[in-house]
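Take a look at the structure below. The text after it walks through a few parts, one at a time.

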Amino acid sequence: MVEPFDAVDLIKAKRDGGTLSTAQIDWLVDAYTRGYVADAQMSAMTMAIFLRGMGRDEVRDLTLAMVASGERLDFSGLAKVTTDKHSTGGVGDKITLPLAPLVASFGVAVPQLSGRGLGHTGGTLDKLESIPGWRASLTNEEFMAQLAGPGAVVCAAGSGLAPADKKLYALRDVTATVEAIPLIASSIMSKKIAEGTASLVLDVKFGSGAFMQDPARSRELAETMVRLGTDAGVATVALLTNMDVPLGRTIGNANEVRESVEVLAGGGPADVVELTLALAREMLALAGLPDADVDGALASGRAMDTWRAMIRAQGGDPDAALPAPRESHVVTAPRDGVLATQHALPFGIAAWRLGAGRARAEDPVVHAAGIDLHAKPGDAVRAGDPLFTLHADDAARFPRALEALEALGGAWSIEDEAPAQHPLILDRITA
Ligand code: URA
């Protein structure tokens, strides 16, 4: 086969600020996926993209080339409309757990292909694997049957979806080129477009515990992804949400499942409920149900029924006891006042060090490890009140977790007055 382009020419063009054509991008992604373009060349290209950026057409071409690198799921045989959610990830972000069954309880299919945690942000599959018997891997037949039945599926993505992204993402991870908006947007959206969902709601986070700290950069990422989805025929909306503070009162795996079940039972922390309801309304509106009574579905237990069916369908026992930690360590308030700050990033790192997260993709997680937060910013506390509890399987893990919470001026503070609280949902981005 005669190759139509030379990788070095394309790298030079991008390095010098040029624009790549559709044919060039199609070839580059295909040649990289089949191993003709070497990792070293693609590393140089991703760095050139990181430094020079990409135009709108280039990002679209890159996304569609990655979609074309693998299979596309087809839900046309399903007698339900499909809708999905993607979060850019954060600390204590368990929203998928209550959200998927809540939305599915209205007869809409929610195919949630999820990942595992890496670093300080947790993974939805790790959380659900706290439930005895629950399994993340499904055959295509099981996946389709579950969508037709309970309607909500949270499972591992097969290796056939956007394989070019898988290869490219691993390369970016080791070449300091993860944080480029064209590369993040095309990576996320190629998987969602290949997944075949009819509509998509993006939860794009900003703040200390988010992938992007700066709200302006998160907005740019959200706008790019909304445009990519819309142009590819996936009705897409994004919410820009605050990740300065952990979501809810639990960070970990089993404890996050417990909190999600509380939300499904009509309780749970106000921020988790607010975001779950806001995302559910967006998903249901895109699925043609703008007036769905989402509060009612939580209050009536209908969403809980779907949760139980969804967990059972994947081998889990929704009534089984969740794993309990062997060791706990309580941190108390040193004085009276108001909890003023609670920074997501150090709490995420501490939970990770306790064993809730993994440093390498192949490492196991400790399902009972994590942190329970007893107070949230704005809450009045008295000296000696518990502020949070660390959980681990081995007490030897506590010192390094506490170190993460004490570094850089501390993960939390108590003041005399309640500081102004920022809204959880900053904006809504549409095409
Ligand atoms: N998640 C992805 O799937 N891809 C990225 O590039 C970043 C986050």
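Predicted model: local features only at pLDDT ≥ 70, side-chain atom pairs only at ≥ 80, totals over all residues.

Begin with the ligand. Which residues are around the ligand? They are Tyr 169, Arg 172, Ile 184, Ser 187, Ile 188, Lys 191 and Phe 211. By class, this shell has four nonpolar residues, one polar residue and two charged ones.

For Lys 191, the distance to a ligand oxygen atom is 2.4 Å. For Ser 187, a nitrogen atom of the ligand is 2.6 Å away. For Arg 172, a ligand oxygen atom is 2.9 Å away. How much of the ligand does the protein cover? On its own, the ligand has 240 Å² of accessible area, and the protein covers 86% of it.

Now see where the shell comes from. Helix H8, residues 163-173, and helix H9, residues 181-195, each supply at least two of its residues. H9 gives the most, with four.

The largest nonpolar core has 72 residues. Leu 102, Trp 307, Ile 371, Phe 388 and Leu 390 have the most contacts inside it. Helix H12, residues 270-286, gives the most to this core, with eight residues. A second, separate core has 57 residues. Tyr 32, Leu 183, Ile 184 and Leu 200 are among them.

Return to Phe 388 in the largest core. What does Phe 388 touch, beyond residues up to four places away in sequence? Its partners include His 329, Val 330, Val 331 and Phe 347. Ile 371, Asp 372, Leu 373 and His 374 are also touched, as are Leu 405 and Trp 412.

Leu 102 is one of the buried residues of H5. Helix H5 covers residues 96-104, and nine of its nine residues are buried, so H5 is largely enclosed by the rest of the structure. The run of buried residues includes Thr 96, Pro 98 and Pro 101.

Last, look at a single side chain. Gln 146 is found in helix H7, residues 140-148. Is Gln 146 buried or exposed? Its relative accessibility is 3%, so Gln 146 counts as buried.

Key: Residues numbered from 1 in each chain as written. Heavy atoms only, no water. Near = heavy atom within 4 Å. Polar contact = N/O pair within 3.5 Å; in protein donor to acceptor, adjacent residues only side chain to side chain. Areas by Shrake-Rupley, 256 points an atom, 1.4 Å probe, with all protein chains shown as cover. Nonpolar A, V, L, I, M, F, W, Y, C, P; charged D, E, K, R; others polar. Buried < 20%, exposed > 50% of the residue type's maximum accessible area, 1.4 Å probe, protein only. Core = buried A, V, L, I, M, F, W, Y, C linked by side-chain atoms within 4.5 Å. Contact = heavy atoms within 4.5 Å.
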